[in-house]
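Student: Please take me through this structure one question at a time, giving the cut-off behind each term when it comes up.

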Amino acid sequence: MNMNKKLIKEVNRSFEKYFKTKPLLVFSPGRINLIGEHTDYNEGFVFPAAINKGIVLAIEKSDFEVSKVFALNKDEVYEFGLGEIKPLKDGGWRNYILGVISELQKLGFEIGNFDAVFAGDIPGGAGMSSSAALENSFVYGLNELFKLGLSKTEMIVVSQKAEHNYAGVKCGIMDQYASMFGVKKSALLLDCRTVESKPFKIDFGDYKLMLINTNVKHDLSETAYNDRRSVCEMVSEKLNVKALRDVLLKELEPVKSEITESDYQKVSYIIEENSRVQSFSEAIKEHNLELLGQLLYQSHDGLSEKYKVSCVELDFLVNETKKNKNILGARMMGGGFGGCTINLILKSEFKKFKKDISKKFKSEFGQACSVYSVKLSQGTHVVNKTY
Ligand code: GAF
């Protein structure tokens, strides 16, 4: 099954029960990323895909003086006035919604009050972009409801700014883009400078993608994310270029003595990862699965040893795959410090490896990891007629 129809039905039913009217229903997916990590805010290349897990939003205009949002998974309701939008301390999911509204207001749009119910099936903290899916579902829903006339590209900028200003993460555009523009059965080779992408049909033959969630999210992740971004910007400034996308490895030499060894390693990772994305897309065209696997391992090594955004749990999972000849490659996925690994595994090995790795992970860390397979799906869209 592609979308979670049960979830759509449940969100719709709850909305009708609470608000006694029929809502607009929007599905906004999470994403995976084949390769190209932390390259998006360096205006480089990434290779994400929208997946069949996401956020379902039911939304309709309201005649009341307040707006009301019901987070079904958490069983929490939030009521607020549109004239008093500001980030909440420890606001969690509320901040993503407030952020979207605030960014729309900054653009001069007067949105009216609304009622909403949402729920999702993206595992939280898994690095599969539940926050981008939530932002996109709201900006898309509000755009439809109040006929704002925003294009999808304008909507993802609203979502990204909501994340910057209300969640405090200076993210790139990858997650919001993939969630909004996803193409069924395809991954998108996205140029984060032009914000244009090329869909690649994904068919790995006898192999498939496996996600393994560490189920951990280490505290440092947000600060570390913004710190990494600052290092990249600092070096770009020294080199007098707009972004690291414009730099070849050898061109780092003139600034090498002006930066720390650790910052040098970080920016070399970015430059290398950016070219790995290109090699990956060539390998897909040539159906060179061995090379795809090697690129995944190289990406992980760079993220772990040079960019330093991995953690023991992620490294453990990747190292274990190296002992299994039926797995061609693996790497951590997303921002890092927890979340998932993405693995290219022989289809017939999936079940067995799932069992083995679950056992080993439990005995190493005393807690369970989770294993998923995902379908590559369409980006944010209205689903009223599809369930
Ligand atoms: C997070 C961010 F939101 C993305 O923009 C991207 O930088 C990613 O980490 C790392 O590739 O998901």
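Student: Over residues 95–182, what percentage of the chain is helix?
Tutor: In this predicted model, helices (H or I, at least four residues) and strands (E, at least two) are DSSP runs, numbered from the N terminus. An unreviewed UniProt entry annotates residues 95–182 as "domain: GHMP kinase N-terminal"; UniProt positions follow the numbering used here, feature names are shortened, and annotations may be inferred rather than shown by experiment. The end C-alpha atoms of that span are 24 Å apart and strand accounts for 8% of the chain, while the helix content is 59%.

Student: Which pLDDT do local features need in this model?
Tutor: Residues are numbered from 1 along each chain as its sequence is written. The model is predicted, and totals for chains, interfaces and linings use all residues, whereas side-chain atom pairs count only at pLDDT 80 or more and local features need a pLDDT of at least 70.

Student: How are α3 and α4 oriented to each other, and what is the hand of their crossing?
Tutor: Helices α3 and α4 pack with their axes 9 Å apart and at an angle of about 125°, where axes are lines fitted to C-alpha atoms, for helices over the stretch in contact, and angles run from 0 to 180 degrees between N-to-C directions. Therefore α3 is oblique to α4, since angles under 35 degrees count as roughly parallel, over 145 as roughly antiparallel, 65 to 115 as roughly perpendicular and the rest as oblique. A crossing is left-handed if the near helix is turned anticlockwise from the far one by less than a right angle, and right-handed if clockwise. The crossing of α3 and α4 is right-handed.

Student: At roughly what angle do the axes of α4 and α5 cross?
Tutor: The crossing of α4 and α5 is right-handed. The axes of α4 and helix α5 (residues 174–181) come within 9 Å, and they cross at roughly 140°. That angle makes α4 oblique to α5, and its value is roughly 140°.

Student: Is K147 buried or exposed?
Tutor: K147 is found in the loop between α3 (130–145) and α4 (152–167), and although this residue is not a glycine, its phi is positive, at about 45°. A residue is buried if 20 or more other C-beta atoms, placed from the backbone, lie within 10 Å of its own, exposed if 12 or fewer, and partly exposed in between. Because K147 has 7 C-beta neighbours inside 10 Å, K147 counts as exposed.

Student: What is the phi of D90, roughly?
Tutor: D90 is found in the loop between β5 (76–80) and α2 (93–106). D90 is exposed, with 6 other C-beta atoms within 10 Å. D90 is not a glycine, yet its phi is positive, at about 50°.

Student: How far apart in space are P87 and A162, C-alpha to C-alpha?
Tutor: P87 is found in the loop between β5 and α2, and P87 counts as partly exposed because it has 15 C-beta neighbours inside 10 Å. P87 and A162 are 75 residues apart in sequence, and their C-alpha to C-alpha distance in space is 9.8 Å.
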